[in-house]
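Me: I am new to this structure and would like to learn how to read its features one at a time. Could you take me through a few of them slowly?

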Amino acid sequence: MKIISIIGARPQFIKCAPLSRTLRKHHKEILLHTGQHYDHKLSNIFFNELNIPKPDYNLNIGSAPHGEQTGKMLIEIEKILIKEQPDLVLTYGDTNSTLAGALAASKLNIKTAHVEAGLRSFDRTMPEEINRILTDNISNLLFCPTETALKNLRSEGITKGVYLVGDVMKDALEYNITIAEERSEILSDLDLISGEFIVATLHRPANTDNKEKLLSILKAFYNVDETIVFPVHPRTEKYLQDYGLWNKLYECVKVIRPVGYTDMLKLMANAKKILTDSGGIQKEAYMLGVPCITMRENTEWVETIEEGWNVLVGSDYEKIVDAIKGFEGVNKRSDVFGRGDTSEIILNLISKK
């Protein structure tokens, strides 16, 4: 079959890597990069480290308001689909690239598959939530990473073409963790000792676009006696600069530029705890057995909370401080995200269907 895989953002690069490697053993894959993440540290470096083939198409869409960005993607993706006439379009996750790819394909009556289907935060103020719901409703094959995702789709009356397959991020992590431990020198570069630092990431609009919330989070960082390593997302840096908080950030954390997947894995695997508002990092923390403190009011990955490895704190100063000081994960973890063979399962389902 001819399959077009549509990606555009860091989490999609990670998810794409193991599945692309598997698909290409049996089918022709065309890689379409929307250019949603265009910064080198958020794009090119991941292709290099994850051995993802060079995209056949790069739309170079870049940053823009949601409607404009999605519209530009839709126009350009449609042109490529008409030209290539694929048998299947593969989308990942919940970004504007995901929705634009699925919508363009469905309008052209091209079958679509959604990797990471069925996730719900039940917060429709999140653009990602809208993208998930719409993509799931127009896709032909829905590959769910967890039982919870499967149940979410059933509750919405979506049962046709739905499969529980596990999480491709588990495949990616298992493939790359040994490489990261052996090759990454980021701990020595930053003068860090394993188990004696915390990793923090922050990029969601609910936190970055609100000065009071950013101040609350920085205050918490400042008032705990911990080394906090903070790879600053370009979006977060912009708002910190706009709010006059950039210099204050340096007073309470070890600021670094965004890092590639290998260095980030090494940091997370050796961290005491992880602070984040990222969906993917919540999962990776669980898979690595590192307690995760999530600076959101909700999460799609409820399993990480139910199994005692994640806690929601929002942007509340006291909750963040209390979690940094006292939250610890439990010892037991399950195969809630699969056994690292999700790519093979998806390949078999695609080939049969």
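This is a predicted model: local features need pLDDT of at least 70, side-chain atom pairs count only at pLDDT 80 or more; totals for chains, interfaces and linings use all residues.

Me: Which residues touch the most other members of the largest nonpolar core?

Reply: The largest nonpolar core has 67 residues, and those that touch the most other members are Leu 90, Phe 143, Leu 267 and Ile 350. If we take Ile 350 as a case and leave aside its neighbours within four places in sequence, its contacts are Met 1, Ile 3, Leu 23, Leu 88, Leu 90, Leu 141 and Phe 143. Apart from this core lies another one, of 29 residues, which includes Ala 200, Ala 220, Tyr 239 and Met 295.

Me: How should I read a pocket, and what lines the second largest pocket?

Reply: The general idea is that rolling a probe the size of a water molecule over the atoms shows where empty space is left. In this model the second largest pocket has a volume of about 290 Å³, and 16 residues line it, with Asp 123, Met 126, Ala 206, Arg 296 and Glu 297 lying nearest its centre. Sorted by class, the lining consists of six charged, five polar and five nonpolar residues.

Me: Which helix gives the most to that lining?

Reply: Helix 5 (127-138) and helix 9 (205-208) each supply at least two residues, and helix 9 gives the most, with three.

Me: Is Asp 123 buried or exposed, and where is its place in the chain?

Reply: Asp 123 counts as buried because its relative accessibility is 19%, where the cut-off for buried is under 20%. Its place is in the loop between strand 5 (112-115) and helix 5.

Me: Is Lys 273 buried or exposed?

Reply: Lys 273, which lies in strand 11 (residues 273-276), counts as buried because its relative accessibility is 1%. A polar atom of the Lys 273 side chain lies 2.9 Å from the backbone oxygen of Phe 327. Not counting residues up to four places away in sequence, Lys 273 touches several others, among them Phe 197, Val 199, Pro 291, Ile 324 and Glu 328.

Notes. Residues are numbered from 1 along each chain as its sequence is written. Side-chain values use heavy atoms; hydrogens and water are left out. A nonpolar core is a set of buried Ala, Val, Leu, Ile, Met, Phe, Trp, Tyr and Cys residues joined through side-chain atoms within 4.5 Å. Buried means under 20% relative accessible area, exposed over 50%, partly exposed in between (1.4 Å probe, protein chains only). Contact means heavy atoms within 4.5 Å. On a 1 Å grid over the protein atoms alone, a cavity is a set of points where a 1.4 Å probe fits but cannot get out, and a pocket is an open set with protein on both sides within 12 Å along at least five of seven lines; lining residues have an atom within 4 Å of a point. Grid points are joined across faces, edges and corners, and a volume is the space filled by probe spheres set on the points. Helices (H or I, at least four residues) and strands (E, at least two) are DSSP runs, numbered from the N terminus. Ala, Val, Leu, Ile, Met, Phe, Trp, Tyr, Cys and Pro count as nonpolar, Asp, Glu, Lys and Arg as charged, and the others, Gly among them, as polar. A polar contact is a pair of N or O atoms within 3.5 Å; within protein, one must be able to donate a hydrogen and the other to accept it, and residues adjacent in sequence count only if both atoms are side-chain atoms.
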